[in-house]
Amino acid sequence: GRKAGLDGRYPRELQPLTANLTALLATERSNASHYRQALADLAHALKTPLAVLRARLESEVEGRRLESGPALDYSRTEMELLIRRQLERAARSTRRTLNQPVAVVPVLTRLANSLSRLYAGDDVVFDVQGDDALTLRVDERDLMELCGNLLDNAAKYGGGRVRARVDAGRPGPRYAGIQILIEDNGPGIDANRFEEMLLRGVRGDQRREGQGLGLAIARQLIEAYGGTITVDRSTLGGAALHIIFPPR
């Protein structure tokens, strides 16, 4: 328990094993941190409904005749929903070290087909490029959620063209990295505002309905797997989002 991971030099034959063990330890620390954050959020969220319950009960003790049934029921239900929501969020934010490989291009193709039907009235054209054999070791639902949010934003705020490309990244001791590029032909994204737009509830474009959560959710999922997301100018004329998952 004195060391956070395995360091030092090991024979080449043992390096995949030591890399897996180090990754496993790092993942467990990350998961524990996510659970601590979820419990802190839950404690904060429960303060208000608990205060309502306390006030109602104190009123009863003081002899006041109040119709407390509906209010107590509402507070109890609200607390149950908060507990369920925070535990689900904590479970989603944790990750496995040894995920099964997921083919990225087929996932993007399925999402593009679904969004094509959703935005049929806007004549949005999707173009997915890349080798079907390129894989990424993530939970498939996480990959669909983060790519779905980014493709949806590109379709919603672009000018009718969305392109997604998958390329191989650098090799690693366990598996290679992956690069995903999502582009559109819209007005683009101001690079100086991009970090702000990655925060929850911040919207960069008010022309369409939205809650400002798509980019924040995508960033959270990308960073959970050690990746990064940056913005540039697309050759299509709009925004180009670069998602890089490093080798492991």
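In which helix is the place of Leu82? Leu82 lies in helix H2, which spans residues 69-93; helices are DSSP runs of H or I with at least four residues, numbered from the N terminus. The model is predicted, with local features requiring pLDDT of at least 70 and side-chain atom pairs counting only at pLDDT 80 or more, whereas totals for chains, interfaces and linings use all residues. Residues are numbered from 1 along each chain as its sequence is written, and side-chain values use heavy atoms, without hydrogens and water.

Leu82 has a relative accessible area of 12% and is therefore buried (buried, under 20%; exposed, over 50%; partly exposed, in between; 1.4 Å probe, protein chains only). Beyond its neighbours within four places in sequence, Leu82 contacts Leu42, Ala45, Leu46 and Pro49, contact being heavy atoms within 4.5 Å. The C-alpha atoms of Leu82 and Asp41 are 9.6 Å apart, at a sequence separation of 41 residues.

Leu24, in helix H1 (residues 15-61), is partly exposed because its relative accessibility is 38%. Together with Leu6, Leu14, Leu17 and Leu21, Leu24 forms a nonpolar surface patch of about 400 Å² accessible area. Such patches comprise residues with over 30% relative accessible area and no salt bridge, nonpolar side chains (Val, Leu, Ile, Met, Phe, Trp, Tyr) being joined within 5 Å and like charges within 9 Å. A salt bridge places a side-chain nitrogen of Lys or Arg within 4 Å of a carboxyl oxygen of Asp or Glu.

Helix H6 (residues 214-224) is largely enclosed by the rest of the structure, because eight of its 11 residues are buried, including Leu215, Ile217 and Leu221. Just after H6, Gly226 adopts a positive phi of about 80°.

Note on methods
Areas by Shrake-Rupley, 256 points an atom, 1.4 Å probe, with all protein chains shown as cover. Helix = DSSP H or I, 4+ residues; strand = E, 2+ residues; numbered from the N terminus.
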